[in-house]
Each structure stands twice: as C-alpha cells, then as structure tokens.
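Here is a short briefing on one protein model. Look through the structure, then read the points below.

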Amino acid sequence: MNEYLNESYKDLLVETVPPLLWITLNRPHCSNAFSDEMITELCHVLREADWDENIRVIILTGAGKAFCAGGDVKAMEEKTGMFAGDPEGLMRRYTKGIQQIPLTIEALHTPLLAMVNGAAIGAGCDLACMCDMRMGCSHSRFGETFATLALVPGDGGTFFLQRVIGYAKAMELSLTGRIVSAEEALSLGLLNRLVEVGRLREETEILARSIAANSPVAVSMIKKAIRQARTAEISGHLDLLAAFQGITQRTEDHFRRVRALKKKS
C-alpha cells in the first residue's frame, strides 16, 4: 500500500514521519512553479497517501524560499509544457493537467495542511487555498495575480479563494492582483496561524499531530461534512450528518474515548 513512499520523484520530496506525511514541492530554482511532472507526481502521491492507513495528516510545503510561484513564466513565454498549443489544446491541457489537482484534493479523506514557507503566487495561492488549513510565517506572501498577466485562475482559484476569505475580498484580490503580507493574510483568514520563521515546521507539526490524535473515522467524516456544507441545503446536510453520526457512535474508538473521559471525571 505504501510503495509510493519508495518511488523516485522528479519535482517532489516525500517524507513520512508517521502519522504525518510531508510533501515538498521541489523546484526551488523557479520558486517551485508547476511543471507537468510536478502535477502528475503530486496527484499520485496525494491519492496513494489517502489510502495509507498509517497517514493521518498530509503537510504540503515548498523547497527553498518559496511555497509555490504558480505557473512557470518562462514556459508561458515560450509556449511550452502546459502552455503549449492553440486555445483548444490549452483547454485540454488544463482539464487533464493542473485541474486534476483540485479534483484530487477535494476527494481526499485525509486532512491536508499547507505550510506556507514563502510566496504563494497565482496557482500557488490557489493551491494553498485548496488545503484545509494554512500555517505561515513572516516570509509568507499571497497573490492572486492572474489579472496582472491578463489571465484567469484556470486551476480553480475562483472557487477556492472566496470560500476561504469571502466574496468581496476574493473579488478585490483577484481583480487587483496585489500581494498580501503574512499579517494581512492572517487577518483575512488566508492563514490559520502566523508563527515565528524558526518555529514554522515545529508549530505545523504540533497542529498536525493534534489532528492526528483524534479518531481517523471521525476526522474524515467531519472534514467531508464541512466541505459538503459549502454547497448543500440544510435538509440534505442534516441527513448526511445523521448517517455519519450513526457510524461514528458505533465505533470502538468512540466507546474507548467515552470510557477514558468517564475515568477523568
């Protein structure tokens, strides 16, 4: 089940410290901008890790000084890689390429944290917003910069950003393309927590382990319920919660934790 941990990746670093999995975007020479290989590798590792019963939380970060610069500007200019072809060809490349990332992430049962160690720009900002939570430091920067390059967030940014910071602020950042500091990102809700640079990994791991300490069945169902609630009607959502509660209230993990709580009282 965990053969993916032993595979060799071109544009990723994969490290497991059970019950955590660290995935590092590894193209520091171009601020971890996306490549076709990175997209394929990231989707593969996420899918495999989601099936790995030893992994309770996945943490995504970037190598070097950046989290992710989004699209590779050099490839844009040269019309190569994911930016090759005519408009119809580009559309196919997006649907079969970078758009597989949000589809993969939305299907995850495992909590996904972004450790935003530096700039998260364009599709990099969107990638951070696709994660369930974001940890940052003073080096963190966010920019929904597509408009400044006369582009749109083809990877799904219009879906995710407003769900993190709200409609009006998402519209402002998307239409202006301005860069947001770590402090503003915290106030907007782009960051869950802002910590000292030297403690970013440690604090991210503390948060991840606090999640991993809870029942994996309950955590998975709570995550799914919160995501489903973004677009659900109340009656259908309550039906889902009733079904989930029926399952969790009959797990051994639930009864074990009830017994432990009774011993404390």
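E41 touches Y9, K10, D11 and L12, leaving aside residues up to four places away in sequence; contact means heavy atoms within 4.5 Å. This is a predicted model, where local features need pLDDT of at least 70, side-chain atom pairs count only at pLDDT 80 or more, and totals for chains, interfaces and linings use all residues. Residues are numbered from 1 along each chain as its sequence is written, and side-chain values use heavy atoms, without hydrogens and water.

**Around E41**
- E41 sits in helix α1, residues 36–51; helices (H or I, at least four residues) and strands (E, at least two) are DSSP runs, numbered from the N terminus.
- D11 is 30 residues from E41 along the chain, yet their C-alpha atoms are separated by 7.5 Å.

**The sheet**
- Three strands form an open sheet in the order β5-β7-β8, with mixed pairing; two strands pair if DSSP finds at least two bridges between them.
- β5 (119–121) and β8 (179–180) are the edges: each has a single partner strand, so one side of each lacks a neighbour in the sheet.
- β7 (residues 141–143) pairs with β8 in the antiparallel sense, over two bridges.
- In this pair, G143 stands opposite I179 of β8.
- Helix α5 (residues 123–130) packs on the sheet and touches β5 and β7.

Definitions and conventions:
Axes are lines fitted to C-alpha atoms, for helices over the stretch in contact, and angles run from 0 to 180 degrees between N-to-C directions.
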